[in-house]
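Me: I would like to learn how to read the features of a model one at a time, with the general idea stated before the particular case. Could we go through it together?

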Amino acid sequence: MKYLVLLVVLVVAIGIWRGRRATGAESSSPPHLALPQDMLACAHCGVHVPQAEALMVGPQAYCCAEHRRLGPA
């Protein structure tokens, strides 16, 4: 009986080892990093937000619709 338990533990350990070895080769490539973005200060509160997320009204940038509605401080 103890040989059966030992065999099961050995099979599980080999399965885990093979699974980690297979996924380790895929994760060796460097992660894809996002390119840096220009940061703009909100005209109302001064918080800096990425240019892609800023709400623009002419040359002024805002961090949210509420601050855009309130206008510059």
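Reply: Let us begin with a charge and a ring: a charge is taken to sit over a ring if NZ of Lys or CZ of Arg is within 6 Å of the ring centre and within 35 degrees of the ring normal. In this structure Lys-2 lies over the face of Tyr-3, at 6.0 Å from the ring centre. The model is a predicted one, in which local features need pLDDT of at least 70 and side-chain atom pairs count only at pLDDT 80 or more, while totals for chains, interfaces and linings use all residues. Residues are numbered from 1 along each chain as its sequence is written, and side-chain values use heavy atoms, with hydrogens and water left out.

Me: How many aromatic pairs are there by the rule for rings?

Reply: A pair of aromatic rings is described by the distance of the centres and the angle of the planes. Rings of Phe, Tyr and Trp (its six-membered ring) pair if their centres lie within 6.5 Å, and planes under 30 degrees apart are called stacked, those over 60 edge-to-face and the rest tilted. By this rule the count is zero aromatic pairs.

Me: Which residues make the nonpolar surface patch?

Reply: Patches are made of residues with over 30% relative accessible area and no salt bridge, like charges being joined within 9 Å and nonpolar side chains (Val, Leu, Ile, Met, Phe, Trp, Tyr) within 5 Å; the areas come from the Shrake-Rupley method with a 1.4 Å probe, and for residues only the protein chains shown count as cover. Here Met-1, Leu-4, Val-5, Leu-7, Val-8, Val-9, Val-11, Val-12 and Ile-16 make a patch of about 880 Å². One of them, Leu-7, is in helix H1 (residues 2-26) and is partly exposed, with a relative accessible area of 48%, where buried means under 20%, exposed over 50% and partly exposed in between (1.4 Å probe, protein chains only).

Me: Where is the salt bridge, and which side chains meet in it?

Reply: Side chains of opposite charge can pair when their charged atoms come close. The rule asks for a side-chain nitrogen of Lys or Arg within 4 Å of a carboxyl oxygen of Asp or Glu, and a search of the whole structure finds one such bridge, between Glu-66 and Arg-69 (2.6 Å, N to O). Both residues lie in helix H2 (residues 65-70), three residues apart, about one turn of the helix; Glu-66 is partly exposed at 41%, whereas Arg-69 is exposed at 59%.

Me: Which residues does His-67 touch, not counting those up to four places away in sequence?

Reply: Contact means heavy atoms within 4.5 Å. His-67, also found in helix H2, is buried at 16% relative accessibility and touches Cys-42, His-44, Cys-45 and Tyr-62. Leaving aside neighbours within four places in sequence, Cys-63 is in contact with Cys-42, Cys-45 and Val-49; this residue is in the loop between strand S4 (60-62) and H2, and its C-alpha is 8.3 Å from that of Cys-45, 18 residues apart in sequence.

Note on methods
Helices (H or I, at least four residues) and strands (E, at least two) are DSSP runs, numbered from the N terminus.
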